Amino acid sequence: MKRKFLILTLILTLVGSVTVYSTVHSEVAQLQAMVLYEQGTTGYLDAYQDLKQSLVANLQTESVTMQEVARKDLSHYRVIYVDPSILQDSKRGAVVNQLTEYVRAGGCLFIEDGVREAFPAELLGAREFREVQSLPLELEFPVVRQNLRGMQAVVQDFHEQWKGFRDVVQGKPTAQQSKVESDAFRTSSANGGAGSTSKAVAAAGYGFGMVPSTAEPLVNSQGLALFTVNRVGAGSVFFANALLPNHRYGAGFDLQGKPYFNFTVATANFLLRNEFAAYAAKEQDGLVVKKVLGTYGRPAVAFQNHFEVASAVRDGAMEKYLELVKKYEEIPSYSLARSLYEWAHWTESVIYHLNTGTGSAPKYIGEEADSQYASGRHPLVESKYLTLNPLPEQRYLAEAVDLPNRAYPSVADVNGDQVPDLVAGSADGAVYVFQGRSAQVPWQLMKSVKLQTTAGRDISAGRDAAPVLCDLNKDGQVDLIVGNAEGEVVAYLNAGNMKFSSPRVLIPQSAGLREAAPDIGDVDHDGAADLVVGDAEGRVLLFKAIADTGSEGAISRPTGASAKGQANAVGAASQPDARVWVRFSKGIPIAGDVGKFAAPRLVDFDGDGQLDLVVGNDYGYLQKFRHTSTGWVDAGYVEGETYNPFGNKRLWSGHNAVPCYADLNGDGKPDLIVGQVEHGMATPIDSPAFPYRNELKRSLTAMQEAGIEIQPHLFFHNFKSAEQERTEIDLHRRAFAMYSLPWDHVGANQHTWRINQLDPAQTLFSQQAGGIAWNSGFKPANHPVTPSEGREYAWSVPFFLAQGEQTQPMLLFNPAPNPTAHAAVYPSIARHDLPVSVFQHVEYPVLQEAGRKELEQTAQFVDKFRTDNDYNFMTEEQMFRTFRTVLGSRVELVPASSGTQFNLRVTPPADAKWLGDYLKVLGVKVELGEKFAGQQVQTDADLYMRKGNDLYMGVWQKATFTIVPTAAAETPHLTRANVPIEVQTEGNRITLDVLGKALQQMKFYAPNGLQVDSAGWAVKQAGEQYVLTRYGDVTQLRVQYK
């Protein structure tokens, strides 16, 4: 007879709560939990959210204060979790007596190490408690009864991960945590920097253990029992040492804990608390049912592939990686950055900041919409960002750049058309001119040409040309002063038509400078223009002009006048119009060590008529020195309104900064231009400056045809405001719209992993407000370790972002450690049915032979992990839809009258109809306790799998099972499905409506063989198991059991 089971949409239309395939309806086996805490405290919220978001069927959680508990009938609660905050209640004795009677009557009490002193030792089954004296690196795990093994296994597996934490061993920071970052990335704690991880473990101590009297030890160390269960009357008391639940790290689902949120600790705390609830269920009902974080009762595994490299778009890396992993029956999960760049590539570039203040009190925004790894805006050259030459060596963003390369800008009207032009020196020794198109912003320039001498040769003053424009000889044309790597400063007079005379030396090599960076202006108001020169060692020297009416080789120049548009004169005092011949005195230091490759600019930044100094350095900052009657006084840094990635407001666009001033938009105020060497040259994909639009469209079309949905890879840093984050999300949405990429309930992960460091949840709330439903990869605020790079991320359980006792719709998860370096972590992940996301950057590696081999090794590892542990591989988008169904659905265990038959009642999430067919993928695990020892679970469900004595089953089409003394012989059935399906059965013929796209994989148990009647499916047989795999759109699969 043909049977077609209920379609979910019909179920949802007719009823809000469904008992599926129920034969006899009985009362739900209640599993009520209380979290007891002291009124006015918040520490209880971690335990409350762990139990509220539990995977245990029937579990309902309530928070109760010490002031309320006396009015409660405790017989309604199967589990009471005692928060250490009750120690603040001086009248707690009556409540302790109440809890003691609760346990005697059959209740289960969870006592953390931190609250043990509130209870009599005999209630916990202890002869005495002793402090654990040293780090418990070695634990003993005695054989325990069946109902206790879940809690014991959590402690055992967590302990292995905890020993690998970088601040655990000997309680001191490791080399990585103590490492001083490169000078350019130094961030003081005063500016919000994370600093190194504190010696958290040693400072907090190791808690207490007991010498048991009646308690049963689960974990021992140093002659003490660290975890125990004590039977008292009909109930139990569980004591847990400070190892777990672990409060040395933030572990609450609100992310607010100190010193930082730790995914492994949070997951371990969650697992232990939930295993205690499972223990209570087994004690009461003889079994427990748990929801499983994957489709139809098997955990999910996916790749996470950030895509942010421009050249990888050009070279088709998306398509190539897809083809690589298809060989292993896997599928990528791409998240696309809004601005693409090149890793570790630094390029000479120019940035400008419009002055939003006044001439005497300039102000700048700082980071703007498209700043990315810089601040300010890029000048455009034929719609592309202005760049000169690349740094010859690669440096990652956090690495120091110790080479002098930089664009060295100076601005003036070079060609006399009343429009500011840009002249820039480069490491190659050339001097380039970019003629301005108009005196408006955005600042647009023509293609560069190299300035030449009258002999038609390119000007080359030596390596690392550092030009300054000024009218040296008062003829109305801009001349050049150029410094170089050898420490010389030379002058070129403008001979007309943008041709220049042969150079004359102003400062010779014998002056002892390196990387000379000059500027010129009348510093002391004596009517002669002086030179200031920065050098490689961070010095700024003043070379005072000496008037000389006839020295051979001296240069005729005006006193105080400068080229039209040259901003050095902005705010300067008026000077007499006179010609003199000048020489320069020996240089004298006027500013201290400002950092290497000092680049000074003379400008009156406070409107007092004195030329002050703004000096760029290798850090990339611009330091100010006010000119006073007593000398040059440090006046801080040039700042913007926004914070930079390092937690301060200093303008930063890269390394080796060179300041310059000119009025770019004709408003009469000096704007700031900065040359530097810039990281990555990140360019928005919807900008005319992005060079690979067609290639990106081709790749995205190929992914769409493969069923792969693209998610946003968001660029924030640790100090962006919520307003900046919301703006970036909106810009990302617009960029996606240009490529016809959907934004409905999308997920995201973080570019460079960063979220706001001052408010740990700000970024996630910004994303939620921007229509983002989940985040699959971020580095928690102040965390010292990068995701996927350490055991601090060994375990991750998805959870809804918490806010007090409420949960937000934002779903959070994080990648597992890199399997190449942390393969030993993965068996414990599988033992606890935890889902897995494996992060990989594929853009460069997939284009290189060595990189492809590494990617294939990871693909092979994940394939074996999936096969050995029967995980379901899918895209991250599919995984999070599954998580949303699992975590949002309520599952209730309803015993039938026989006492050995059970039905499951499922209430789907009411607020997630957008999940569509993924509302059908819920699955559970059935674990038997001691009551049913030696027996087995039997079901006639269409999709189920056994692991030892546990049964995993999908619960949408059938949700009933029976406990039997001896299971009947296994009949053919479906054991895994990685996407939503509907099953039709007619005898030995099975028809699957496969409702998910991209990778489709089904696993069948067919002891007598399996005949596949549908084309297009690859079949792999391993004994009595058959795995069928296909790539494509929704389809139908027909098979026959032989």
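N274 touches D50, S54, L55 and V56, leaving out residues up to four places away in sequence; contact here means heavy atoms within 4.5 Å. This is a predicted model, in which local features need pLDDT of at least 70 and side-chain atom pairs count only at pLDDT 80 or more, while totals for chains, interfaces and linings use all residues. Residues are numbered from 1 along each chain as its sequence is written, and side-chain values use heavy atoms, with hydrogens and water left out.

N274 lies in helix α8. Helices (H or I, at least four residues) and strands (E, at least two) are DSSP runs, numbered from the N terminus. N274 is buried, with a relative accessible area of 6%. Buried means under 20% relative accessible area, exposed over 50%, and partly exposed in between (1.4 Å probe, protein chains only).

## Nonpolar cores

A nonpolar core is a set of buried Ala, Val, Leu, Ile, Met, Phe, Trp, Tyr and Cys residues joined through side-chain atoms within 4.5 Å. The largest one holds 182 residues, of which F227, F238, L336, I829 and F961 touch the most other members. Helix α8 (residues 263–285) gives the most to this core, with 13 residues. A second, separate core has 30 residues, including V95, Y102, L109 and A118.

F238 is in contact with L109, F110, I111, M151, L218, F227, T228, V229, L272 and F276, not counting residues up to four places away in sequence. In soluble globular proteins, nonpolar side chains tend to be buried together.

## Ser221 in strand β9

S221 belongs to strand β9 (residues 216–221). With a relative accessible area of 5%, S221 is buried. Neighbours within four places in sequence aside, S221 contacts P136, E138, L139 and L226.

## Helix α13

In helix α13 (residues 762–769), the buried residues are Q762, T763, L764, S766 and Q767. They pack against helix α12 (722–738) and against strands β45 (711–714), β46 (746–750), β47 (772–775), β48 (799–803) and β49 (806–812). Just after α13, G771 takes a positive phi of about 85 degrees.

Strand β62 (residues 998–1005) has 8 of its 8 residues buried, so it is largely enclosed by the rest of the structure. Two strands pair if DSSP finds at least two bridges between them.

Strand β59 (residues 973–977) runs antiparallel to β62, joined by 4 bridges; R976 stands opposite K1003 in β62. Strand β65 (residues 1025–1032) also pairs with β62 in the antiparallel sense, over 8 bridges. There, Q1000 has R1030 in β65 as its bridge partner.
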